Amino acid sequence: MPPSPRISLAEMVRSQGGAAAPMQLSSASTDRWSVDAHPTLADLSECLFFSPGDGRIWLNDQRMLLIHSRSMGTLRRELIDNLGIDKARGLLTRAGYISGARDAQLVRERWPDADPSTILMAGTRLHTLEGVVKVIPVSFSYDPQSGRYEGEFLWHNSSEADEHLAAYGIATAPSCWQQIGYAIGYVSTLLGHLVIFREAECRAMGTPHCRVIGKSAELWSDAEEDLRYLNAQDFVGSGMLATDGEVAAESPGGLSAEAVEAMEADLTRALVGTSAAFNAACHLLNRVAATDATVLFTGESGVGKERFARMLHQIGRRERQAFIAINCAAIPETLIETELFGVERGAYTGATQSRAGRFELADGGTLFLDEVGTLSLVAQGKLLRVLQEGEFERVGSTRPVKVNVRVVAATNEDLAVAVREGRFRQDLFFRLNVFPIHLPPLRERRDDIPLLMNHFLKFYGQRHGIAVRGFTQRAVQALLNYSFPGNIRELQNLIERGVILAQGHPLDLPHMFISGERLNDEVLSLQGETGTLAGRHGHGHGEASSEAGSLLEVVQQWRSAQQKEDAALSLPALEQTLISEAIARAGGNLSAAARLLGITRAQLAYRQQKREQ
């Protein structure tokens, strides 16, 4: 039996003549800012689709769940009882943050040209539409020039407060943790810098409703406490937030050398993120840190492998000993043995004095071998011996030197493939691959981008002595959608470049994307500036339009082929042809294929499944 068609919430209400009171779509009672503001609650409801035949619900192109509030309450209670309030609060806050960040991306993609204030207010309507809480704005202000955000809201009928009351009775502290996380994630994602929300009053504490206050992080004097619940591990976020937002403005000449050095140390120590992929990597790091096991970090260039390696050393039991790093790709093959094991005086021409190698320097501590996959087979054999025996000989010496070193390696190459191709020794691979940790690329942890943007913006503003003013809306959209082939290192460089060029103004696309970076089509359509940017980057809507136009040629070719074969023109067959062609041209990317076809990703996925059945 074919799946039933997808039905939007608005269509369900209209089909019943608007009689179903719980599904009332009018936002007049809650929209105090502008009766014509978009997206309204009714606009947002048009994005909600029910597909009863295949058991899925969609909010635009994101799958949703319709679950019992009491089941969430039961889960919440078991988390608190088994993990304690602090850990349970952290888990729920992070889950809410992810939900808010996803909704922010949905709204920005669906209404790319909407006014920033109405886009910010759309989150209150989405929270209402999703049945979580009814949000009433009390006051709200956002200054695009400074990036400062302040708002106060009343929450009525909080589902989270209801479940806390049912489980524990009157609370002694605010308890809407997941909803607070949602607000932080939604607004921070839209603005590109961290905005912290707190409950001043909570219905779980016996008040008639919850009262929530949100402000840009630098406006709070003690935001570190809030950030603690966004971090999956205690070590995450060290130096993550520069709370003194006025330092750069008051010190035009920049910070002292000592202050810069301290900030550089903070930047090196900081691990910033709250996404599921990032949290999984941090969890593995925490589990292996207390041991001496060899760790192999894998991932693309720029994902932060050395930063994770340094954090592994800092939270391990060798933290008071040396951390020595060597980039194997930067050392010529003729010198790699000398660099690793040292040299005795007179070993070769020019060796006028003895010198310790990296293994000796790291004795008792940690040796980090970056880009280990670039070592020659000869060097791999010598490295294997010291890993097996715990001893080596300096170049020009026959005296063995024993060391106690924890080896941590990193590579952006698939070493298993290198082993099969004969470029990497299998025995060395097994020695290094004791505890592998894969670090995901930035495009797979987009929920972390707002936090990273805030972190780098504050750091480079203070480092260069420039008063920073946040990001323009189109810059936020660009960074949230950019593919980041250089990962976190590229984001770091883009923002440092932007801080320097913006000179106190909000960071915009021309301040950051000036080196041939290719932006997504939807980014270039913002604020009617497609032409200029497309000309600069060679990837504007003209290209998308040509792709869409070429799909019309596919239709014509298909029609001609059918006529030649005297076959009946079948609409389902044409649909299959177009979908297959669009997916092929998009390289398998369903979102890009959906844009070519002029439909949502959810609609494309539904049609694909229907074809397969």
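**Figure 1. The largest cavity of this predicted model has a volume of about 160 Å³.** A cavity here is a set of points, on a 1 Å grid over the protein atoms alone, where a 1.4 Å probe fits but cannot get out; its volume is the space filled by probe spheres set on the points, which are joined across faces, edges and corners. Lining residues have an atom within 4 Å of a point. Look for α5 (116-129), β6 (149-156) and α7 (177-191), the elements that give two or more residues to the lining; α5 supplies the largest share, with five. Helices (H or I, at least four residues) and strands (E, at least two) are DSSP runs numbered from the N terminus. The lining has twelve nonpolar, three polar and no charged residues, where Ala, Val, Leu, Ile, Met, Phe, Trp, Tyr, Cys and Pro count as nonpolar, Asp, Glu, Lys and Arg as charged, and the others, Gly among them, as polar.

**Figure 2. Glu160 and Arg76 form a salt bridge.** The term means a side-chain nitrogen of Lys or Arg within 4 Å of a carboxyl oxygen of Asp or Glu. In this pair, the closest N and O atoms are 3.4 Å apart. Glu160 sits in helix α6 (residues 159-168) and Arg76 in helix α3 (residues 69-83), 84 residues apart. Glu160 is buried, at 6% relative accessible area, and Arg76 is buried too, at 5%. Buried means under 20%, exposed over 50%, and partly exposed in between (1.4 Å probe, protein chains only).

**Figure 3. Asp222 meets Arg198 in a salt bridge (2.8 Å, N to O).** Here a loop pairs with a strand: Asp222 lies between β8 (210-216) and α8 (224-228), while Arg198 belongs to β7 (residues 195-201), 24 residues apart. Asp222 is partly exposed, with a relative accessible area of 38%; Arg198 is also partly exposed, at 22%.

**Figure 4. Asp86, Glu225 and Arg228 are linked in a network of salt bridges.** Within this group, the side chains of Glu225 and Arg228 meet at 2.7 Å, N to O. Both lie in helix α8, three residues apart, or about one turn of the helix. Glu225 is partly exposed at 42% relative accessibility, and so is Arg228, at 37%.

**Notes for all views.** Residues are numbered from 1 along each chain as its sequence is written, and side-chain values use heavy atoms, leaving out hydrogens and water. Because the model is predicted, local features need pLDDT of at least 70 and side-chain atom pairs count only at pLDDT 80 or more, whereas totals for chains, interfaces and linings use all residues.

Methods
On a 1 Å grid over the protein atoms alone, a cavity is a set of points where a 1.4 Å probe fits but cannot get out, and a pocket is an open set with protein on both sides within 12 Å along at least five of seven lines; lining residues have an atom within 4 Å of a point.
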